[in-house]
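Visitor: I would like a close look at one part of this protein. Please keep to what can be computed from the coordinates.

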Amino acid sequence: MAQYDVIIIGAGPGGYVSAIRCAQLGLKTACVEGRETLGGTCLNVGCIPSKALLHATHQLHEAEHNFATMGLKGKSPSVDWDQMKAYKQDVVNSNTGGIEFLFKKNKVDWIKGYGSIPEAGKVKVGDEVHEAKNIIVATGSVPASLPGLEIDNEKGIIVDSTGALDLPKVPKKMVVVGAGVIGLEMGSVYARLGAEVTVVEFLDTITPTMDGEVQKNLQKILKKQGMNFILGAAVQGAETTKTKAKLTYKLKKDDSEHQLDADVVLVATGRRAFTDGLGLKELGVEMTERGVVKTDGHWATNVKGVYAIGDAIDGPMLAHKAEDEGMAVAEVIAGKAGHVNYDVIPSVIYTHPEVAAVGKTEEELKKEGRAYKVGKFSFMGNARAKAVFAAEGFVKIITDKETDRILGCSIIGPAAGDLIHEVCVTMEYGGSAEDLALTCHAHPTFSEAVREAALACGDGPIHM
């Protein structure tokens, strides 16, 4: 029977980062993972492969729409779908292999198989039982579905996000159920590849947690790129043949029923915590009504020595949130002070343009009745953005009206997912818009738009 200081169940972003941090802090550590490769959903069938396809199809879009204007003439590239998928898999393999190397480098034992917790201090994998002073549940999440939509990734007609990454061919017509991050990203991929993409969303807006202005602008831009939207629609179900699907939905405004024909239906209605088979209920671990593990401020459950992080607990289902919690809980177990600032966790949508946000939105502050200021700057006033055909969108910074402290920021535009972090750092240190505005930004860069938005919170921007 092997004995460890810590055993982590799950090797996704939260689990593998936690394992490495535990080992760095001198704890004898093992990580239980049943997949053939490390990295969890994110690296294998989520964040990383989807970004590879988004990058490849963006290059195609640039070639088709902007190359001629730049003087790059000649035959437009054709799509070799099998090669594009092979490129995607090479990216995945490189990243998952890298984590395996890091495990060896940091002397983290990979226990291959699926784990359960028969009692506190013990993890069972197959027929073997391993002892651990501390156990961290980092089992992540799985795609959620809707009644009447039976996922069958092998058949390739009604698929979830995993199936959408590996379709046998590019569909002529695709229906995406859900206008959240996954639906819009994967819808963008196939729209660029030539599919007729229709997004069906139950709510009256896309990306429900985002700033209202961002929602409207993103929908407008994506529509211009060829994506269609049906909002306020409740999906009733779908019928399939050998090669096609017929999706039925009702419009909430008048209860009228409609149908859409599709070669592929992508169900992108969110994700749910995956804790099946762990034995948590039998162990007495408290769960919330939503089926996630209850934890205290130090990621501990009500069962001594059992912790939980990432998608298995409450909060946004984001890989970087799980990573932060993974490092923090490792430090708590090692006797240090683990830290996660939940007010400064950015979110990103990797469409083109990208969308990123951190902190409060204007809608949230209005609901709270809080006095605030808004500084905005359009990428139309940014020289670098105009030079690379990326001038759509804006930066919007919101500050406390009295103190000028930054409360939130939304960006829709080029490299938004990278630009948001200078706002995150400023917020982490309790900085103001003036602090950001007084910081020299290199020219010409996209980041100047962030500085201009900060200036707009004061006397006004320079270039607009």
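Visitor: Leaving aside its neighbours within four places in sequence, which residues is Lys 396 in contact with?

Guide: This is a predicted model, in which local features need pLDDT of at least 70 and side-chain atom pairs count only at pLDDT 80 or more, while totals for chains, interfaces and linings use all residues. Residues are numbered from 1 along each chain as its sequence is written, and side-chain values use heavy atoms, with hydrogens and water left out.

With contact meaning heavy atoms within 4.5 Å, and with neighbours within four places set aside, Lys 396 touches Asp 211, Glu 213, Glu 362, Val 374, Gly 375, Lys 376, Gly 408, Cys 409 and Ser 410. With Asp 211 there is also a side-chain to side-chain polar contact, at 2.9 Å. A polar contact is a pair of N or O atoms within 3.5 Å; within protein, one must be able to donate a hydrogen and the other to accept it, and residues adjacent in sequence count only if both atoms are side-chain atoms.

Lys 396 belongs to strand S21, residues 394-400. Helices (H or I, at least four residues) and strands (E, at least two) are DSSP runs numbered from the N terminus; the chain has 14 helices and 22 strands. Lys 396 counts as buried because its relative accessibility is 2%, where buried means under 20% relative accessible area, exposed over 50% and partly exposed in between (1.4 Å probe, protein chains only). Of the 464 residues of the chain, 51% are buried.

Lys 376, one of the contacts of Lys 396, lies over the face of Phe 394, 4.7 Å from the ring centre. Elsewhere, the charged end of Lys 252 sits over the ring of Phe 202, at 3.9 Å from its centre. The rule for a charge over a ring is NZ of Lys or CZ of Arg within 6 Å of the ring centre and within 35 degrees of the ring normal.

For the wider setting, consider the nonpolar cores, that is, sets of buried Ala, Val, Leu, Ile, Met, Phe, Trp, Tyr and Cys residues joined through side-chain atoms within 4.5 Å. The largest has 53 residues, and Phe 103, Ile 136, Val 137 and Trp 299 have the most contacts inside it. Helix H1 (residues 13-24) gives this core its largest share, six residues. Another core lies apart from it, with 39 residues, among them Leu 53, Leu 165, Leu 184 and Met 227.

Along its principal axes, the C-alpha trace of the chain spans about 65 × 60 × 50 Å.
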